[in-house]
Amino acid sequence: MTGEAITEQLRGEVLSGDSSELRARAKEALERGDENTASRLYTMAIDLVARDMPRNAGGVASAANLFSCNGSSGGELAKLLSNRSLVYLKQGDIPAALEDAKTCTLADPSFEKGYLRLVAALEAAGAPLEKQLEACERGLEQCPGGEMLTSRKWRLKKSIASKAEGHDTPAVESRIHEIMRIANDESHPRRAEAAADLGSCFAVGSHGIDKDVERAERFLRVGAEGGEITAMRNLGVLLLQTERPGEAAERLREATLAGDEQAADLLRQLADEAASREKDSLAKLRAMAEDGDQRAVEMLAEWEQRQKDV
């Protein structure tokens, strides 16, 4: 559908002067497969939100002005740019998708979806895997708890390693040795990051590294102590797998406090399982007490007293 046809389609309708309502209309258009109308509506909403934003002589806004405009719009600008980037990608307009995704990350550096759009646009543009990974890691610097970015990062790393294994195995081995060297160097500024990556590889056996639980735990501890959130979470998972739930919960709690949603989900799951086990045990204890088991009666009384003291 041409721009003129879209304008004709929208003519006669009372369009809202509210950007969030225009965004909702654009989403509806996209869901019914009308990408042209969606992009036009997103553009109208962006123009509305950014109408007073300062620009240079070439019509380009600075990163500071984009950030300020996004803040004053309650985050609306970043959402609109992210969504229009997706539409452009669906339309095959990769340069426009890239531009909107990059602008989105400038408008809101903490918006995970903006970096995901950027990686997707880079992939569509045929950018090297290393460049896609760089965008992912840049996003994780700003969104350390980004679950989707973390997942994308590891998929990219696996693809890069697989590609290297198929064509240049010595290069992969050299890279692993370099990461190991950094992880073992107490004075290196990137030691925690390298240890987190290495420990995660040892934990599952990936990127040409054989699974080794002991070495995984050692390097993950280094990463966790250095503040790497991924290491905190993966160490918690490893401790659960090796039947150390107490310390596992502590590590997962640290990752949760640092903003990691996956760790928070695991903690909730652990709490639910613990509550379910306690409920089952309590039911058995009451049944034994009712059957006259004196020890069960005493234990039940102790439990009830603890509940009163809480």
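Reader: Which residues does Arg-152 touch, not counting residues up to four places away in sequence?

Author: This is a predicted model, where local features need pLDDT of at least 70, side-chain atom pairs count only at pLDDT 80 or more, and totals for chains, interfaces and linings use all residues. Residues are numbered from 1 along each chain as its sequence is written, and side-chain values use heavy atoms, with hydrogens and water left out. Contact means heavy atoms within 4.5 Å. Arg-152 touches Val-119, Ala-120, Glu-123 and Cys-136. Its place is in helix α9 (residues 147–167); helices are DSSP runs of H or I, at least four residues, numbered from the N terminus.

Reader: Is Arg-152 buried or exposed?

Author: Buried means under 20% relative accessible area, exposed over 50%, partly exposed in between (1.4 Å probe, protein chains only). Arg-152 counts as buried because its relative accessibility is 15%.

Reader: Where does Glu-76 lie?

Author: In helix α5 (residues 76–91). Glu-76 is buried, with a relative accessible area of 7%. Beyond its neighbours within four places in sequence, Glu-76 is in contact with Ser-19, Ser-20, Arg-23, Val-49 and Asn-70. Val-49 is also one of the buried residues of α3.

Reader: At what angle do helix α11 and helix α12 pack?

Author: Axes are lines fitted to C-alpha atoms, for helices over the stretch in contact, and angles run from 0 to 180 degrees between N-to-C directions. Helix α11 (residues 191–204) and helix α12 (residues 213–225) pack at about 150 degrees, with axes 7 Å apart. The two are therefore roughly antiparallel, a term for angles over 145 degrees.

Methods. Angles under 35 degrees count as roughly parallel, over 145 as roughly antiparallel, 65 to 115 as roughly perpendicular and the rest as oblique.
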